Amino acid sequence: MSAACLNLHRGGEYAIAALTRLALESGGAPGQLMSVRVLAEHQGISKSFLSKIFEQCVRAGLISSKSALRGGVALARSAAEISLLDIL
């Protein structure tokens with residue numbers, strides 16, 4: 001038996017972890033901004049790599065992003081409405 005049930009690519013794993021962190025920090029509510037830099041630090045990855053992952057999440061309608069001094073990303077809808085299949 002293999003060690004993993006699913007063979008997720010690295011970007012998918014980071015997307016799941018980052019969106020989970022975003023959901024926890026926001027209480028699952030949409031619209032509460034969090035810094036991409038902070039999320040990347042929690043993951044131990046570069047901000048630019050996580051930003052590329054988040055570009056896909058924005059296109060999928062999972063998160064929204066705001067560019068500015070106090071910008072960041074936020075859930076586009078309630079965490080309860082987002083499934084793992086939506087992320088992958």
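**Figure 1. Helices α1 and α3 of this predicted model are roughly perpendicular to each other.** The axes of α1, residues 10–26, and α3, residues 47–59, cross at roughly 80 degrees, which falls in the range of 65 to 115 degrees counted as roughly perpendicular. The two axes come within 10 Å. On the α1 side the contact is made by R10, G11, Y14, A15, A18 and L19. On the α3 side F49, L50, I53, F54 and C57 take part. By residue class, the contact of α1 with α3 comprises 9 nonpolar residues, 1 polar and 1 charged.

Figure 2. Leaving aside residues up to four places away in sequence, C57 touches L19, L62 and I63. One of these, L19, belongs to the α1 side of the contact between α1 and α3, and C57 belongs to the α3 side. L88 is also shown: C57 and L88 are 31 residues apart in sequence, and their C-alpha atoms are 9.5 Å apart in space.

**Figure 3. Salt bridge between R21 and E25 in helix α1.** A nitrogen of the R21 side chain and an oxygen of the E25 side chain are 3.3 Å apart. The two residues are 4 residues apart in the helix and are therefore separated by about one helical turn. R21, at 28% relative accessibility, is partly exposed. E25 is partly exposed as well, with a relative accessible area of 47%. This pair belongs to a structure that holds 3 salt bridges.

**Figure 4. Salt bridge between R37 and E41 in helix α2.** The closest N and O atoms of R37 and E41 are 3.0 Å apart. Helix α2 spans residues 36–43, and R37 and E41 are 4 residues apart in this helix, so about one helical turn separates them.

**Figure 5. Salt bridge between R77 and D86.** The side chains of R77 and D86 meet with an N to O distance of 3.2 Å. R77 is partly exposed, with 24% relative accessibility. D86 has a relative accessible area of 32% and is likewise partly exposed.

**Figure 6. The protein chain as context for the close-up views.** The chain has 4 helices and 2 strands. Read from the N terminus, these elements follow the order α-α-α-β-β-α. The radius of gyration is 13 Å, close to the 12 Å given by the globule rule for 88 residues, so the chain is as compact as a globular protein of that length. Along the principal axes, the C-alpha atoms fill a box of roughly 50 × 30 × 20 Å. Of the 88 residues in the chain, 33% are buried. Among contacts between residues at least 6 apart in sequence, 55% join residues at least 24 apart.

Conventions
Residues numbered from 1 in each chain as written. Predicted model: local features only at pLDDT ≥ 70, side-chain atom pairs only at ≥ 80, totals over all residues. Heavy atoms only, no water. Axes fitted to C-alpha atoms, helices over the stretch in contact; angles between N-to-C directions. Parallel < 35°, antiparallel > 145°, perpendicular 65-115°, else oblique. Contact = heavy atoms within 4.5 Å. Nonpolar A, V, L, I, M, F, W, Y, C, P; charged D, E, K, R; others polar. Salt bridge = Lys/Arg side-chain N within 4 Å of Asp/Glu carboxyl O. Buried < 20%, exposed > 50% of the residue type's maximum accessible area, 1.4 Å probe, protein only. Rg over C-alpha atoms; globule rule 2.2 N^0.38 Å.
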